[in-house]
Amino acid sequence: MSALIRLRSKEESKPGLPATTARLALVLAAVGLVILFLVLPLASVFVQAFAKGWQVYVAAIHTAEIIEALKLTLRVAAIAVPLNVVFGIAASWAIAHFDFIGKKLLVSLIDIPLAVSPVVAGMMYVEVFGLHGWLGPWLSDHNLHVIFAIPGIVLATIFVTFPFVARELIPFMQAQGSEEEQAAVVLGAGPASVFWRVTLPNIKWPLLYGTILAAARSIGEFGAVSVVSGHIRGLTVTMPLAVEMLYNEFNFTAAFAAASLLSLAAVITLIVKKAIELSTEYHRSKAERESN
Amino acid sequence: MTELAQKQRSWTLKQPSPLPGFGLSLGYTLLYLTAIVLIPLVAIVVRSLDGGTAAFAHAIEAPRVAAAFRVTLESALLASLLAASYGFLIAWVLARYDFPGRRIVDALIDLPFALPTAVAGISLTTLYSPNGWIGSHLEPLGIHIVFRQAGIVLAMSFVSLPFVVRSVQPVIEELDPAMEEAAISLGANDWQVFSRVLAPAALPALVTGTALAFARAAGEYGSVIFIAGNMPMKTEIAALLVVTKLEEFDYAGASAIAVAMLAISFIVMFALNLLQWKLQSRKGVRT
């Protein structure tokens, strides 16, 4: 069995390396920890969801409550993710292609949402748009609802996924430099064709990667959405909130059935993410081989 | 002439470039950043101080709030240290060894990022409850997890594990084998190579990962509230208290706690940037 475990670096026969039994023990310990802390919680979701059989599972999912929640979740993600993609492209274009005063500050400001607790993020929007917030009186005069309504959920989702695309694109585009775009401009390409025909094909993998991470987080966001949603049945309940409400009503099978759909989305995210990593690693190593 | 051009350039906002779209892309970026992040951030800080600093201090110092902060910070510290220890082992194994299923294990590390926190919360609670898969084995040993602070620590360490692994793993992967070989040729044994050469080189990344893990754990909500039991003064975390105060229409109280949480995470991030800046400048001197 220990023969299956190799060092990842090229020279297998380096002197003085830990004995194979020690290596085996380390690998087994790490795999054991991953199973205990990560695989079991994931597996448990599906086991609980199917504990009473397929039919109960299907019946639990096929309720108006869950279908409405699913629709709302997808609708919110369909608004929040594209907005953050546009922002990510604009921010990385400005930051990677131009030098300007305050660039470093801008880059660190973009990261702020990563440091903020989701609940605090939700609270921020309550202080702007809530009845007691800055814009609250004006909004209620015009009969507009943001907090305890869908716009608030969209805003909270935008906030928590705000940096995801920008963070993938900025370092990538900075490393690539702007020679290709400059060449296109010199050759007479207009702004639109520079973007669509030079930049976009170059950044498609990191763009997709950031988009997937943002989509996964928007579908699963709980804390920030929980603060601004108000938990109004059929109106402002997203899938993660439905999981919470069903669980708190001791309807465990339905809670885990809804959770299993979210877990499936998470597993698909992990697979696509890994596939992009492997394919870009492959492209990079191919490029390196060709340049040698 | 060139000096003049240099001087002129330093006074303009941006360096000249043949590429189009500077005004549009930067303008949109600033507008969106201001609307989504900066205005709400200023709003909550200003609103929390509406009643003056004395009222703010009063809201934070209330026994129930102080207890929530103690539970939160204590649990986040324990959770990040726990995640640091097993995260380091996992990162080490993933970076150094090839074994069947390595890619699957590697992909699974990001599960806590991808899995919605509410799902993680109900799943961990079920697993560690007295009749759950794991809890039923711990209960006879007198180990209680669910509805105790141990449960909070467990949930927090679950969500913060990827921060440690993803900070440490690339650094171990890029360690120069020559350092190790030099140590071996100088007569160091395995333990000495690890403890005196490899571990110190990976330490800054481990500190970074642990600090990120701490910040995430201190702000965590979804995965914790199900397993915590939420008993005021004992197992109630700060994030939950924000929600509770909001449900009681105590906006000032909720905002004060939220701003204190904001301050904690900004302090952690600032310290982290300072550390990285220091390490970078030290590296710069050496090379």
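In this predicted model, helices α6(A) and α13(B) cross in the left-handed sense. The helix from chain A covers residues 118–129 and the one from chain B residues 238–247; their axes lie 9 Å apart, at an angle of about 30 degrees. Angles under 35 degrees count as roughly parallel, so α6(A) is roughly parallel to α13(B). On the chain A side, the contact is made by Val119(A), Val120(A), Met123(A) and Val126(A), which meet Ala239(B), Val242(B), Val243(B) and Leu246(B) of α13(B). Sorted by class, this contact has eight nonpolar residues, with no polar and no charged ones.

The two chains also meet through strands. Strand β1 of chain A (residues 6–7) pairs with strand β1 of chain B (residues 97–98); the pairing is antiparallel and extends over two bridges. In one of these strands, β1(B), Tyr97(B) is the bridge partner of Leu7(A).

Next comes the interface between the chains as a whole. On the chain B side 74 residues take part, and they are in contact with 81 residues of chain A. Helix α2 of chain B, residues 22–48, supplies the largest share of the chain B side, with 15 residues. That side of chain B divides into 55 nonpolar, twelve polar and seven charged residues.

Within chain B, helices α4 (residues 63–96) and α11 (residues 190–219) have axes that come within 8 Å and cross at roughly 140 degrees. This makes α4(B) oblique to α11(B), as only angles over 145 degrees count as roughly antiparallel. The crossing of α4(B) and α11(B) is right-handed. The residues of α4(B) that take part include Thr72(B), Leu73(B), Ala76(B), Gly87(B) and Phe88(B), and those of α11(B) include Leu206(B), Gly209(B), Thr210(B) and Phe214(B). Of the residues in this contact, twelve are nonpolar, five are polar and none is charged.

Chain A, for its part, is divided into two domains: domain 1 spans residues 15–49 and domain 2 spans residues 53–291. Taken over C-alpha atoms, the centres of these domains of chain A are separated by 31 Å. Five residues of domain 1 are in contact with seven residues of domain 2 in chain A. The domain 1 side of this contact in chain A has four nonpolar residues, one polar residue and no charged residues.

Key
Residues numbered from 1 in each chain as written. Chains lettered and ligands numbered in written order. Predicted model: local features only at pLDDT ≥ 70, side-chain atom pairs only at ≥ 80, totals over all residues. Axes fitted to C-alpha atoms, helices over the stretch in contact; angles between N-to-C directions. Helix = DSSP H or I, 4+ residues; strand = E, 2+ residues; numbered from the N terminus. Parallel < 35°, antiparallel > 145°, perpendicular 65-115°, else oblique. Left-handed = near helix turned anticlockwise from the far one by under 90°. Contact = placed C-beta atoms within 7 Å. Nonpolar A, V, L, I, M, F, W, Y, C, P; charged D, E, K, R; others polar. Pairing = 2+ DSSP bridges. Domains from an automatic or database assignment.
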